Amino acid sequence: MGWRGILGFEYGIVCAPLGPDISGPQLVAAVANAGGLGLLRAPDWESPDYVRELIRKTKTLTNKPFGVGVVLAFPHKENIKAILDEKVAVLQLYWGECSEDLVLEAHQAGVKVVPQVGSFEEAKKAAAVGVDAIIVQGREAGGHVMGQDSLISLVPRVVDLVHGKDIPIIAAGGIVDARGYVAALALGAQGVCLGTRFLATEESFAHPTYKRKLVELEATEYTEVFGRARWPGAPQRVLKTPFFMDWRDLPSNENESNQPIIGRSTIHGIEKEIRRFAGTVPNVTTTGDIESMVMYAGQGVGLIKEILPAGEVIPRIVKAAQILIQQQLDNGS
Ligand SMILES: Cc1cc2nc3c(=O)[nH]c(=O)nc-3n(C[C@H](O)[C@H](O)[C@H](O)COP(=O)(O)O)c2cc1C
C-alpha cells in the first residue's frame, strides 16, 4: 500500500482549509515544511489583495508548495484570480460547482484543482471536468458536512469510479492517526485530509479555549443549529460542549441574525461581531463568551490527547503507518 506522496508532495497528508482563517500561514507553512499539502483558506468575501498577502506571507515561511481553499458558496471570482496569479500549487474548492472552464483556467496557470465532495454523484461530476484529485468527505468530518455517507462505503465507490484515470482520491473525516490513514489506504484512497488533527496544533489560529476543548471533550454531533442565516442548508459536525447541549434543540425558526452579540473577532483583517449561534469558530483574536461559540470537530476528536506542533503530526502518522503496514504484511505471511 502506498503511504507515499500525491500531486508532487512528499506525503499524502493534507491539512484541510480551516475556515474562516484557522489554517493561516503558520500552520500551512509548517505542514508544507513537513512534506504535506497545507491549504490556506480564502475569505468568504472578495478580497484579492488580502489573498495575495496571505499567500506571500506563507511564501516567506516556506519554500515548499502549498494551496488555498475557496468556498464557492460565497463571492470568490476575484479571490480565485489572485490565487491563480500567485501560482500556488493547488486550488481546493468546496460547496459549489467546479466547472470545466475553471479547471482549464487553473491548469493554464499551472495550478492543480482539488475539489472536496460529499457524494458519489458530486465525485462523478468532478471527475468529468478533469480535476487533479478529489477529496471525499464522509459524514464523520468536522466542520460543514456535505453528504450523508461514511468513508467506509463512499471511498471505495469513488475509487472504482475513477479507476484507470489519474485522479488520486483523498479521504476526509474522522482521521487523526496512522490507523485512520492505513484504513483509508485500504479503502483505495491515496491520501488523507485532516481537519480536526491540524486544528489541535500549536500553529493553528484557533482560540486556546477551543484547542483545550478538543483535547478535553470526546463526542461530536451532526447539527444545523449554527450559522443558519448566513449559510442556510449547511449542516455541521460540532463538539458537544455544554453550550451546544443546552441549545441543540433550537427551534427551526430561530437563527443568529436576531441573537445577542457574544463576542468579537478579527477575521482576515476585518473586525466582526459574533452573535450567538453564529457559524464562526473562535480564533486567536476572539474576545467575549468563547465557550458559547461554535466549535467544529470530527468524530476522531476523542483520539486527540495533546496539542502538537503541526510539523510533528505528519512524520508521526507516516512512521506509524509504515510500521502498521509492515506488521499487517508480516502477520499475513
Ligand atoms: C474548523 C474547521 C473548519 C473547516 N473549514 C473548511 C473550509 O473552509 N473548507 C473546506 O473545504 N473544508 C473545511 N472543513 C472540513 C475539512 O475540509 C474536512 O472535510 C474535515 O475537517 C475532515 O474531517 P476531520 O475534521 O474529522 O479531519 C473544516 C473543518 C473544520 C474542523
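Biologist: Leaving aside its neighbours within four places in sequence, with which residues is I6 in contact?

Modeller: In this predicted model, I6 lies in the segment before β1 (13-15). Once neighbours within four places in sequence are set aside, the contacts of I6 are G12, A133, P168, Q190 and G191.

Biologist: Does I6 count as buried or exposed, and what is the basis for that?

Modeller: The criterion for a buried residue is 20 or more other C-beta atoms within 10 Å of its own. I6 has 22 C-beta neighbours inside 10 Å, and therefore I6 counts as buried.

Biologist: What distance separates the C-alpha atoms of I6 and I170?

Modeller: I170 is among the residues with the most contacts inside the largest nonpolar core. Along the chain, I6 and I170 are 164 residues apart. The separation of their C-alpha atoms is 9.3 Å.

Biologist: How are helices α5 and α6 oriented, roughly parallel or roughly antiparallel?

Modeller: The axes of α5 (residues 120-128) and α6 (residues 151-161) come within 10 Å and cross at roughly 30°. Angles under 35 degrees count as roughly parallel. Therefore α5 is, relative to α6, roughly parallel.

Biologist: Which residues of α5 and α6 make the contact?

Modeller: The crossing of the two helices is right-handed. On α6 the contact involves L154, R157, V158 and L161, and on α5 it involves F120, A123, K124 and A127.

Terms used: Residues numbered from 1 in each chain as written. Predicted model: local features only at pLDDT ≥ 70, side-chain atom pairs only at ≥ 80, totals over all residues. Core = buried A, V, L, I, M, F, W, Y, C linked by C-beta atoms within 7 Å. Buried ≥ 20, exposed ≤ 12 C-beta atoms within 10 Å, placed from the backbone. Axes fitted to C-alpha atoms, helices over the stretch in contact; angles between N-to-C directions. Helix = DSSP H or I, 4+ residues; strand = E, 2+ residues; numbered from the N terminus. Parallel < 35°, antiparallel > 145°, perpendicular 65-115°, else oblique. Left-handed = near helix turned anticlockwise from the far one by under 90°. Contact = placed C-beta atoms within 7 Å.
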